[in-house]
Amino acid sequence: MMTLDGTNTWVLREPGARRSVVVDPGPSILEHLDAVAEAAGEVGAVLLTHHHLDHSEAAREFAERVGCGVRALDPAYRLGSEGLGDGDVVEVDGLEVHVVATPGHTADSLSFLLPAEGALLTGDTVLGRGTTVVAHPDGRLGAYLDSLDRLHALAERAEARTIWPGHGPVIDDALDVLDFYIAHRRDRLAQVEQAAGALLSAAEPVASSDLPRRVVEVVYADVDPVLWGAAELSVRAQLTHLGHLGH
């Protein structure tokens with residue numbers, strides 16, 4: 001798994017409050033869970049940004065340990081009856097966590113806005129370094145672009161000033177990084193569209209089954225081939241968005 005420095009587990013608590021909220025307990029590593037439990041104290045809820053194992057694997061285990069539920073968009077990852085959906089507000093001892101649906105990286109991706117902090121927890125939708133992978137088939141580029149626009153609107157209104165990502169360091173300027181993410185994604189999509197068009201209009205057109213890898217060889221020519229497998233999943237999502245591949 002490509003996890004940069006590992007998964008960020010966020011422990012949220014109002015000053016002086018008794019209970020905390022834990023976001024993305026991460027992998028099932030006892031030393032890590034011990035540290036989270038010590039920092040969290042009494043826990044009111046565990047929240048998941050999405051289902052990928054580096055974020056969700058230990059959610060049930062940790063929640064059972066501390067005696068709370070797990071709230072997630074996907075019912076398969078919940079513990080207890082409460083889920084999460086766009087517009088929900090999770091309140092624990094004065095802490096407010098506003099749920100923002102941000103599908104694209106995965107179908108079940110959520111971001112969490114902390115209005116009091118002006119902070120946005122983005123899971124893998126926005127990373128602390130580099131850009132995220134939107135991998136076919138669960139990743140959908142159209143949905144991801146819409147999600148970036150939605151987060152950008154929050155930043156433009158100064159509701160989200162900083163980003164607390166699922167991997168990598170905190171980003172102090174939410175608007176600046178979202179400008180970059182949107183521009184990068186549009187530029188990359190244009191490169192993929194140009195490469196696909198050239199390959200499909202060649203004297204000997206590329207078969208659709210070979211198109212993703214051939215596009216990777218053109219667009220990602222300056223990238224280590226070791227990473228081409230992940231790049232191909234991203235390109236498949238882009239080609240599907242452009243209508244060159246079936247859903």
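Guide: A contact here means heavy atoms within 4.5 Å. Helices (H or I, at least four residues) and strands (E, at least two) are DSSP runs, numbered from the N terminus. The model is predicted: local features need pLDDT of at least 70 and side-chain atom pairs count only at pLDDT 80 or more, while totals for chains, interfaces and linings use all residues. Residues are numbered from 1 along each chain as its sequence is written, and side-chain values use heavy atoms, with hydrogens and water left out.

Visitor: Which residues of H6 and H7 meet?

Guide: On the H6 side they are Leu211, Pro212, Arg213, Val215, Val216 and Glu217; on the H7 side, Trp228, Gly229, Ala231, Glu232, Val235, Arg236 and Leu239.

Visitor: Why are H6 and H7 called roughly perpendicular?

Guide: They pack at an angle of about 115°, with their axes 9 Å apart. Axes are lines fitted to C-alpha atoms, for helices over the stretch in contact, and angles run from 0 to 180 degrees between N-to-C directions. Angles under 35 degrees count as roughly parallel, over 145 as roughly antiparallel, 65 to 115 as roughly perpendicular and the rest as oblique. H6 and H7 are therefore roughly perpendicular.

Visitor: What makes the contact between Arg19 and Asp93 a salt bridge?

Guide: A salt bridge needs a side-chain nitrogen of Lys or Arg within 4 Å of a carboxyl oxygen of Asp or Glu. For Arg19 and Asp93 the N to O distance is 3.0 Å, and the pair is a salt bridge. Arg19 belongs to strand E2 and Asp93 to the loop between strands E5 and E6, so the bridge ties together parts 74 residues apart in sequence.

Visitor: How many salt bridges does the structure hold?

Guide: It holds 10. One of them joins Asp34 and Arg65 at 2.8 Å, N to O. Asp34 is in helix H1 and Arg65 in helix H3, so this pair links parts 31 residues apart in sequence. Another joins Arg214 and Glu217 at 3.7 Å. Those two residues are 3 apart in helix H6, about one helical turn.

Visitor: Is Arg19 buried, exposed or partly exposed, and what decides it?

Guide: Buried means under 20% relative accessible area, exposed over 50%, and partly exposed in between (1.4 Å probe, protein chains only). Arg19 has 25% and counts as partly exposed. Asp93, with 30%, is partly exposed. Arg65, at 44%, is also partly exposed.

Visitor: What makes E1 and E4 edge strands?

Guide: Two strands pair if DSSP finds at least two bridges between them. The open sheet has 4 strands in the order E1-E2-E3-E4, with mixed pairing. E1 (10-12) and E4 (70-71) each have a single partner strand, so one side of each is left without a neighbour in the sheet.

Visitor: How do you know that E1 and E2 pair?

Guide: They are joined over 3 bridges, in the antiparallel sense, and the rule asks for at least two. Val11 stands opposite Val22 in E2.

Visitor: What is found at E5 and E6?

Guide: They form a hairpin with 2 residues between them, and Asp93 in the turn has a positive phi of about 50°. The two strands run antiparallel and are joined by 4 bridges. Val90 has Val97 in E6 as its bridge partner.
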